[in-house]
Amino acid sequence: MTNEELIQRARAVVNPRKIAHGFTVGDVGCALLTERGNLHVGVCIDAGGGIGFCAEHSAIASMVTGGEQGIRKIVAVLGDGTVLPPCGRCREFMRQIDRDNMDRTEVLLGSDRAVKLRDLLRHPWDEVFEGRGGYPYSMADDGGEI
Ligand SMILES: [Zn+2]
């Protein structure tokens with residue numbers, strides 16, 4: 001799938017409409033291609049009280065529901081096709097979903113422009129714990145079954 005095709009898939013799900021209190025849903029669309037070549041899409045939900053989420057968040061939830069975590073390419077767009085770089089929360093979300101996404105994921109900034117997730121997230125907040133046994137307050141990361 002070309003970058004332009006991925007952009008068009010994201011654009012195709014944009015469908016802005018109003019919800020309670022003047023908030024909106026569907027203003028931004030996202031399409032991602034997984035490591036295994038599956039496509040997932042999502043839209044943003046802007047809701048009051050900080051409970052909304054970005055289009056990337058929505059597409060990533062669909063991917064995780066489908067049993068994958070590795071993102072090969074991702075893009076978010078407005079209805080006019082304007083490509084939006086992911087917000088800081090979504091950058092961190094992509095990293096925490098699968099750490100290999102740092103060097104695997106191409107984030108499209110346009111049909112002819114892409115960067116690796118690592119280029120957008122140069123200094124992860126928990127990098128100081130690397131080589132020191134990992135983040136001391138997390139759940140056990142023994143690689144075992146849940
Ligand atoms: Zn975001």
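Is H21 buried or exposed? H21 counts as exposed, because it has 8 C-beta neighbours inside 10 Å and the cut-off for exposed is 12 or fewer. The model is predicted.

**Helix 2 against helix 3**
- Helix 2 spans residues 55-65, and helix 3 spans residues 88-97.
- Their axes come within 10 Å and cross at roughly 15 degrees.
- Helix 2 and helix 3 are therefore roughly parallel to each other, since angles under 35 degrees count as such.
- The crossing of helix 2 past helix 3 is left-handed.
- On the helix 2 side, the contact is made by E56, H57, I60 and V64. Helix 3 contributes C90, F93, M94 and I97.
- Six residues of this contact between helix 2 and helix 3 are nonpolar, one is polar and one is charged.

**Buried residues of helix 2**
- A55, E56, H57, S58, A59, I60 and M63 of helix 2 are buried.

**Positive phi**
- Most residues other than glycine have a negative phi.
- H21 is not a glycine, yet its phi is positive, at about 60 degrees.
- H21 sits in the loop between strand 1 (17-18) and strand 2 (24-34).

Key: Residues are numbered from 1 along each chain as its sequence is written. This is a predicted model: local features need pLDDT of at least 70, side-chain atom pairs count only at pLDDT 80 or more; totals for chains, interfaces and linings use all residues. Axes are lines fitted to C-alpha atoms, for helices over the stretch in contact, and angles run from 0 to 180 degrees between N-to-C directions. Helices (H or I, at least four residues) and strands (E, at least two) are DSSP runs, numbered from the N terminus. Angles under 35 degrees count as roughly parallel, over 145 as roughly antiparallel, 65 to 115 as roughly perpendicular and the rest as oblique. A crossing is left-handed if the near helix is turned anticlockwise from the far one by less than a right angle, and right-handed if clockwise. Two residues are in contact if their C-beta atoms, placed from the backbone, lie within 7 Å. Ala, Val, Leu, Ile, Met, Phe, Trp, Tyr, Cys and Pro count as nonpolar, Asp, Glu, Lys and Arg as charged, and the others, Gly among them, as polar. A residue is buried if 20 or more other C-beta atoms lie within 10 Å of its own, exposed if 12 or fewer, and partly exposed in between; C-beta atoms are placed from the backbone.
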